[in-house]
Amino acid sequence: MDISKIFTNNKAWIAEKLNKDEDYFTNLGKGQSPQILYIGCSDSRVSAEDLMGVQPGEVFVHRNIANMVPNTDLNVMSVINYAVSHLNVKHVVVCGHYSCGGVKAAMQSEDLGILNPWLRNIRDVYRLHHTELDLIKDEEKKYDRLVELNVQEQCVNVLKTSDVQKAILDKHITVHGWVWDIHSGKLVDLKIDFDKILKDIREIYRLSIDN
């Protein structure tokens, strides 16, 4: 790609938007009130707004390698705090995708340097679910299932945060686990039963915020 073409594309994009709505950028400058926080993967093939068919200002987006929500990452924790406690979003979505390079890298016995501590979070997901995963002989299907289970565990991590716990009590916020099928373009709702998953650990992570 010729990097200078980006600026040519930008001018064409501005003209297209203004042709449809002369107040487009004026309205954008007035602020944002998204209803959804989307936590997705940084993969260059996965564009959050495009796959959901939404416009700028409708979704607050955070992306990182393999759509992770580790509690030690101040970036994602800050995003959740701002989206939930200040933007007052009504939905938090964790969206993974099949053929995720981060998930595949975590499955390899290889020293990846600075990536090691990040990918260890995914390996922890494998450890939690190794009984189920080890029964899957097809490697691609095993990777796909790990993608789904990783989404599930990151949703649980979202639910562990104080901001989301408070929002559930005060605003009836909803957490969703999705996967995008990169081979078909289809967005899949995993329909995760969080009540069932959290049943045995709820008391450990529940904060005294409802008193």
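Reader: Where does D73 lie?
Author: D73 lies in the loop that runs between β2 (59-64) and α4 (74-86), where helices (H or I, at least four residues) and strands (E, at least two) are DSSP runs numbered from the N terminus. The model is predicted, so local features need pLDDT of at least 70 and side-chain atom pairs count only at pLDDT 80 or more, while totals for chains, interfaces and linings use all residues. Residues are numbered from 1 along each chain as its sequence is written, and side-chain values use heavy atoms, with hydrogens and water left out.

Reader: How do you know that D73 has no salt bridge?
Author: A salt bridge needs a side-chain nitrogen of Lys or Arg within 4 Å of a carboxyl oxygen of Asp or Glu; the nearest side chain of opposite charge to D73, R120, is 13 Å away, and therefore D73 has none.

Reader: Which residues does D73 touch?
Author: Leaving aside residues up to four places away in sequence, D73 touches N64 and W118, contact being heavy atoms within 4.5 Å.

Reader: Which helix gives the most to the lining of the largest cavity?
Author: That is α8, with 4 residues; among the lining residues are E140, Y143, D144 and V147. A cavity is a set of points on a 1 Å grid over the protein atoms alone where a 1.4 Å probe fits but cannot get out, and lining residues have an atom within 4 Å of a point.

Terms used
Buried < 20%, exposed > 50% of the residue type's maximum accessible area, 1.4 Å probe, protein only. Lys, Arg positive; Asp, Glu negative; His and termini not counted. 1 Å grid on protein atoms, 1.4 Å probe; cavity = no way out; pocket = protein on both sides within 12 Å on 5 of 7 lines; lining within 4 Å.
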